[in-house]
Amino acid sequence: MKARALLAWNVRRIRVDLGIPQEQLAFDADIDRSYMGAVERQEANPTIDLLDRIAKSLGVHLSEFFIQPPKGATSHKTLRKGRKPARPLHKKK
């Protein structure tokens, strides 16, 4: 796996496992949300300083972005769309 693909796979894996929306991660790392998406789609070539900010925002060491996935590993599912968590409907009294 090439470095950019490895980075994208691991950033997304960690983010989804932690349940952090892409928009929130971008905000926490002080980068544009569209650029965060480009990193995860292998379209961006982030600097080491930017990777360090993303790692700190995720609470992981930078080296976590370069761990080889196990053979046969599939891409992580996306988080639920929308900004607000699902809430039960209110019953009228």
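Q: How are α1 and α3 placed relative to each other?

A: Angles under 35 degrees are roughly parallel, over 145 roughly antiparallel, 65 to 115 roughly perpendicular, and the rest oblique. Here α1 and α3 are oblique to each other. The axes of α1 (residues 3-18) and α3 (residues 33-40) cross at roughly 120° and come within 7 Å. Each axis is a line fitted to C-alpha atoms over the stretch in contact, with angles from 0 to 180 degrees between N-to-C directions. Helices are DSSP runs of H or I with at least four residues, numbered from the N terminus.

The model is predicted: local features need pLDDT of at least 70 and side-chain atom pairs 80 or more, while totals for chains, interfaces and linings use all residues. Numbering runs from 1 along each chain as its sequence is written, and side-chain values use heavy atoms, without hydrogens and water.

Q: Which residues of α1 and α3 meet?

A: Contact means heavy atoms within 4.5 Å. From α1, L7, A8, V11, R12 and R15 meet M36, V39 and E40 of α3. By class, this contact has five nonpolar, no polar and three charged residues. Ala, Val, Leu, Ile, Met, Phe, Trp, Tyr, Cys and Pro count as nonpolar, Asp, Glu, Lys and Arg as charged, and the others as polar.

Q: With which side chain does the side chain of Q22 make a polar contact?

A: A polar contact pairs N or O atoms within 3.5 Å, one able to donate a hydrogen and the other to accept it. The side chain of Q22, in helix α2 (residues 22-28), makes one with the side chain of E40, at 3.1 Å. Beyond its neighbours within four places in sequence, Q22 is in contact with R15, R33, M36, G37 and E40.

Q: Where is F66 placed, and after which helix?

A: F66 is in the segment after α4 (48-58). F66 is partly exposed, at 40% relative accessible area. Not counting residues up to four places away in sequence, F66 touches L6, L7, N10 and L51.

Note on methods:
Helix = DSSP H or I, 4+ residues; strand = E, 2+ residues; numbered from the N terminus. Buried < 20%, exposed > 50% of the residue type's maximum accessible area, 1.4 Å probe, protein only.
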